[in-house]
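Hi there,

Here is the structure I promised to pass on to you. Please have a look at it first, and then read my notes below.

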Protein chains: 2
Amino acid sequence: MIVNFAERAHNHNWELDPVTRSLLDTDFYKLLMLQFIWKHYPKTRVQFTVYNRSAAPVDTFHIEELTQQLDHARSRRFRRSEVVWLAGNTFYGRQGIFEPAFLEWLERDFRLSDYEASVNDGRFHLSFDGLWTDTTMWELYSLSIINELRTRASLKRLSEFGLDILYAEAKTKLWNKIERLRGVPNLNVADFGTRRRHSFLWQEYVVEAMAANLGSGFIGTSNAFLAHKHDLEAIGTNAHEIPMVLAALARDNDEALKASQYHVLELWQQTYSGALRIMLPDTFGTTQFFENAPEWIADWTGQRIDSKDPYVAGDEYIAWLKVHGRDPREKLIIASDALDVDDILGLHAYFSGSLAAGIKVNDFRSAADFQDRRKWTPGRRIRFSAGWGTLLTNDFRGCDPSGDGGFDPISLISKVSSVEGRPAVKLSDNYAKALGPAKEIERYRSVFGMAGMSNTPVIT
Amino acid sequence: MIVNFAERAHNHNWELDPVTRSLLDTDFYKLLMLQFIWKHYPKTRVQFTVYNRSAAPVDTFHIEELTQQLDHARSRRFRRSEVVWLAGNTFYGRQGIFEPAFLEWLERDFRLSDYEASVNDGRFHLSFDGLWTDTTMWELYSLSIINELRTRASLKRLSEFGLDILYAEAKTKLWNKIERLRGVPNLNVADFGTRRRHSFLWQEYVVEAMAANLGSGFIGTSNAFLAHKHDLEAIGTNAHEIPMVLAALARDNDEALKASQYHVLELWQQTYSGALRIMLPDTFGTTQFFENAPEWIADWTGQRIDSKDPYVAGDEYIAWLKVHGRDPREKLIIASDALDVDDILGLHAYFSGSLAAGIKVNDFRSAADFQDRRKWTPGRRIRFSAGWGTLLTNDFRGCDPSGDGGFDPISLISKVSSVEGRPAVKLSDNYAKALGPAKEIERYRSVFGMAGMSNTPVIT
């Protein structure tokens, strides 16, 4: 075996192994939202803050490693070939979804804001202040950077053999998941795992494995860079930040605050000429959202279910559509909260009416729920897609031969924390997932109510 | 990433990927036996023949691939550095176990005999005729070549992703086995898996994994090349071929035939000055061997158990030693037939009296046998070593993502088939494992009897 001198020297020489290889290495919906913000809110100033919802610490690496990666991301620009792809590619069946003026701005003028990073009591604090257009994109870069630095810190503790076993176990685990999904009729699964991935290269491996083995059951990836690199469909439409910002801007007036969640959708459908109409109704509670929704919302293609039990949320939506005279079988729900194979198979069977060969209804974790609500009859009730995230791209639980849990995923989020100096709030369908200052959350709850929320504390 | 032009071109250019990288890539005992043969039987002519005891075919590759590999092996010579290692290294605590004259012959004059390879009814026939010194070494080279060609034929059917999953699954499986053995007190496990390995590189991976993770529980490898390359103990003493050849030479006289099995040991202890005294008593049946054994055989260090239930054979040996006034706790048994983790843990507990922390006696597959025969009391009854073969170096069962069994190990053997024109015979403790022409087997059975033999089907 002839030694590759150049490669060996390079492997010992390089200054930085960048996490953010490209500004396209983000969720595709960030680009759709960026165009929306650029168009409608170019002067709005917001702050994004990174929060750790897990008990596990993230501070297993040095802050200098973090700032080097953040600096590297800031130094990136969208490349010509990437902008050309955004301009010429077909997304959701439509070409030209991005305006030429936006793409020109993206290539020439787009810059990431500065960041504030500090260590306090041994924990990192990270936030981004500036124009919404300059801060919004930090969400994905900051999350994938922190997660990958945490992965690398854990990798450093393993021997070469330990590393080999770690990845062998993780690949075996991944393959067992893929095997369970193979051949399930009418399946629709997308990779939604960029933000909490183990690493970029692992996400790429996972996405290629899914693409090669699930056939039409794998419908694409939320990661724009991977979609570009591997000719896959880019998946995703919008996120909580838009209703959160619009609500913060309207907060002084109860009526305006309540109406802001629908104003988002009005502006969105106007921006995208009626395409990409997947709503995210849970920002301030899904039940109140539909109870008060204007009639035209029933024209939207579907919804993404991100914090409610998707069995419940799907049934609720089907019932609402029927009341509004729409055929639910034409509509779409996308579940995206903490899914794993059991959930995907169960929800797919429950809503799409397609059971995999040899799989029985009570094979699913949620069989009890399942049978309570639906006597099994084949046939679609509503279209169902799974947005498979953390447990697709970061399921290393039990794979570490040293067995210390350093690869277990953590619940890290990067959210709008203030808008023009006003606090931003998210309530969600899960009481425990609410974000914002306690007083402000209380005010929002008084306006939106708490109908249909889970995990609400029992008051005695 | 800069392309390594030389490597890429080389990967597409090479004529042959040799299985036999070195003549040391054989079981160490073949070298001990070769010296024995060179010393005592330099003019004896024998034939070795390859047999397939499995139902699975081996002919998944072209005969040209086989002959190319055999020709390559024939073109090899022992290298200077290898002979220097044999001369200077310590084996079983002794230096100079190989005579200078033998090593000189080995380096200068050793040649592999020619071979006869043909295809008949779509199955390979392979045999080696010549001086015993020139044919004996073919045993391991021919087996490892055929097994690896079979592996490569199966590898060719897999996609790059399929290959990756295959090895990920196999590594996970290996790691789970190692995990079960880690920390078991007083464990003695050696790699005996050269002949039926998946491939050379896989055996090397397995051996390095064991060495790195089992500490003193891993006592070495039977593979001389790996022992040399990785500074491990070379393990093994002798095999069936010596009693088979000596029996064939003595076959015309019943008494001489019966005595030949002890004559082997006499010659052996004389050759190695009383070292390396591990006997292999099952060639014509273990029970008759001990019943008729001369007193001095109780001085030997121990025995290898290769075809009898090792629980039964160990108990039988302990009882025999006691009758002959020897302390069994000073003696050694080495089990080497179709072992896997359960057998190793069970036998280790049964004979060495060391249970792993958290492991219960009835965790073992052989728990019924176990409890029938021994009321559990800690403490050693006899020293126990495991010679772990096929299921260490070739356990790919269930790992092939295409699921067709092409990687399942097969029971291929290469045995002495005739000696100076007379048929060679092995009876073994397993009726179904007898080798030789039916009439000759019958004659041997009339001389040696069938005491203590079982008729269990061969497990590959």
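One term before we start: a residue is called buried if its relative accessible area is under 20%. Please also keep in mind that this is a predicted model.

After the helix comes Gly215(B), with a positive phi near 55°.

Next, the two chains. Chain B can be superposed on chain A by a rotation of 180° with 0.0 Å of shift along the axis, and the RMSD is 0.1 Å. The two copies are therefore related as by a two-fold rotation axis. Which C-alpha of chain B is nearest the axis? That of Ala168(B), at 2.1 Å from it. Both copies use the same surface: 100% of the contact residues of chain B recur in chain A.

Now to the aromatic rings. Over all chains, a search of the whole structure finds 74 aromatic pairs. One of them is the stacked pair of Phe128(B) and Trp138(B), with 4.6 Å from centre to centre and 20° between the planes. Phe128(B) belongs to strand 5 (residues 123-131) of chain B and Trp138(B) to helix 7 (residues 138-156), so this pair ties together parts that are ten residues apart in sequence. Phe128(B) has a relative accessible area of 0% and is therefore buried. Trp138(B) is also at 0% relative accessibility, so Trp138(B) counts as buried.

A second stacked pair is made by Phe284(B) and Phe448(B), at 4.5 Å centre to centre and with 10° between the planes. Here Phe284(B) sits in the loop between strand 8 (278-279) and helix 13 (286-291) of chain B, while Phe448(B) is in helix 18 (residues 438-448), so the parts tied together are 164 residues apart in sequence. Both of these residues, Phe284(B) and Phe448(B), are buried.

In chain A, have a look at one aromatic cluster that includes Phe28(A), Trp38(A), Phe78(A), Trp85(A) and Trp105(A).

Two arginines in chain B also lie over rings. The charged end of Arg445(B) is placed over the ring of Tyr431(B), 3.8 Å from its centre. Arg381(B) lies over the face of Tyr350(B), at 4.9 Å from the ring centre.

Finally, two backbone details. Ser428(A) is not a glycine, yet its phi is positive, near 65°. You will find Ser428(A) in the loop between strand 13 (422-423) and helix 18 (438-448) of chain A. Is Ser428(A) buried or exposed? Its relative accessibility is 0%, so Ser428(A) counts as buried. Asp231(B), also not a glycine, has a positive phi of about 55°. Its place is the loop between helix 10 (224-230) and helix 11 (241-250) of chain B. With a relative accessibility of 72%, Asp231(B) counts as exposed.

Enjoy exploring it!

Best wishes

Methods: Residues are numbered from 1 along each chain as its sequence is written. Chains are lettered from A and ligands numbered from 1 in the order in which they are written. This is a predicted model: local features need pLDDT of at least 70, side-chain atom pairs count only at pLDDT 80 or more; totals for chains, interfaces and linings use all residues. Side-chain values use heavy atoms; hydrogens and water are left out. Rings of Phe, Tyr and Trp (its six-membered ring) pair if their centres lie within 6.5 Å; planes under 30 degrees apart count as stacked, over 60 as edge-to-face and the rest as tilted. Helices (H or I, at least four residues) and strands (E, at least two) are DSSP runs, numbered from the N terminus. Buried means under 20% relative accessible area, exposed over 50%, partly exposed in between (1.4 Å probe, protein chains only). A charge sits over a ring if NZ of Lys or CZ of Arg is within 6 Å of the ring centre and within 35 degrees of the ring normal. Copies are superposed by least squares on the C-alpha atoms of residues with pLDDT of at least 70 in both. Contact means heavy atoms within 4.5 Å.
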